[in-house]
Amino acid sequence: MILILSTPNDDDTNLVMEHLAILGEKFIRINDLDLFNGKTRMHYEQSSENRLFVENIHFGKIDLSDIKCVWYRKFGFFDKFKQKLAGETNVEMLEYLKAEYTAALDVFFEFLKEKKWLNHYLSVKRLNKIGALVASQKIGLKTPETYITNGNSLLDFEKPYITKSIKDGTIINASDKTFFFMTKEVKVKTMDRYENFFPSLFQEKIDKEYELRVFHLNGKNYPMAIFSQRDSQTGVDYRHYNYSKPNRMISYTLPEGVDEKICRLMKNLGLDTGSLDIIKGKDGEYYFLEINPSGQFRMTSLPCNYNLHYEVAHSLKKMNT
């Protein structure tokens with residue numbers, strides 16, 4: 001049996017499940033938020049024989065010892081639960097609940113750690129932007145110059161920079177306003193106002209020809225070119241979507257050397273799947289930026305006719321034998 005660990009409203013999970021059903025595979029899905037709202041019940045027994053059960057109205061009661069393989073799609077996002085408690089509890093209680101939730105998930109993962117995994121949770125947990133940049137440099141992939149600092153005197157603002165989250169970008173609602181934490185170009189006049197600030201990540205801004213989104217699955221890459229630089233709104237980060245005039249996106253063939261290095265990088269990081277962001281610079285070089293192990297791949301599959309949801313389902317089917 002296949003266990004899918006996901007989050008509500010994830011379309012990629014829904015589409016893979018459709019293919020698994022067509023392939024005749026037996027599977028169950030557990031959403032992280034459902035562990036809070038009671039839709040999925042978890043029961044762990046530590047005795048002479050440790051057992052872990054899950055139960056919901058869709059698949060009944062399942063002993064997780066019957067699971068053969070696990071797809072770690074997206075799972076364990078406490079922020080969704082935190083939003084439900086906004087205004088109902090204080091910061092200290094939220095921190096306590098997050099610690100308890102994390103500890104409960106550790107038990108959950110410990111029970112499953114010896115199963116076959118499509119993206120083992122430990123590899124995803126260990127992944128960070130700086131570690132991925134260092135690993136990519138070791139195998140010969142170019143990266144932008146990168147800094148983490150809390151003082152503008154340590155940066156040469158004669159150079160163009162971008163800034164982004166050190167860990168994961170997010171969306172924050174505060175005082176009836178919504179703040180999106182995505183990649184932004186650094187304005188020198190803005191930085192002149194601040195001598196010291198919260199530790200932040202800065203990167204050399206690459207003069208790009210276009211962006212690449214590469215989905216990797218079990219040693220094979222599925223690249224897509226995004227012509228984001230033709231629109232000032234998406235020029236720094238294509239995720240600043242222009243819905244009235246979308247970027248052109250097409251399938252792409254990577255140079256053999258770059259393709260091989262990406263596969264080595266993913267293997268070295270212990271990742272079976274992931275979406276990689278790469279820039280093709282006007283200087284002809286390919287610059288690795290980062291990896292999202294649970295990034296959406298529908299956006300790559302549909303424009304390029306890669307049929308990635310079937311490919312993921314087929315991989316799970318082979319693991320489930």
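Two strands count as paired if DSSP finds at least two bridges between them; strands (E, at least two residues) and helices (H or I, at least four) are DSSP runs, numbered from the N terminus. You are looking at a predicted model, where local features need pLDDT of at least 70, side-chain atom pairs count only at pLDDT 80 or more, and totals for chains, interfaces and linings use all residues. Residues are numbered from 1 along each chain as its sequence is written, and side-chain values use heavy atoms, leaving out hydrogens and water.

**Stop 1: the sheet.** Select E2, E1, E6 and E7: in that order, these four strands form an open sheet with parallel pairing. Its edges are E2 (27–31) and E7 (116–118), each pairing on one side only. Now zoom in on E6 (residues 69–72), which pairs with E7 over three bridges. Which residue of E7 is the bridge partner of Val70? It is Trp117.

**Stop 2: the core.** A nonpolar core is a set of buried Ala, Val, Leu, Ile, Met, Phe, Trp, Tyr and Cys residues joined through side-chain atoms within 4.5 Å, where buried means under 20% relative accessible area (1.4 Å probe, protein chains only). Select Leu5 and Phe108: among the 46 residues of the largest core, they touch the most other members. Leu5 touches residues including Ile30, Val70, Phe108 and Trp117.

Note on methods. Buried < 20%, exposed > 50% of the residue type's maximum accessible area, 1.4 Å probe, protein only. Contact = heavy atoms within 4.5 Å. Lists of a residue's contacts leave out its neighbours within four places in sequence.
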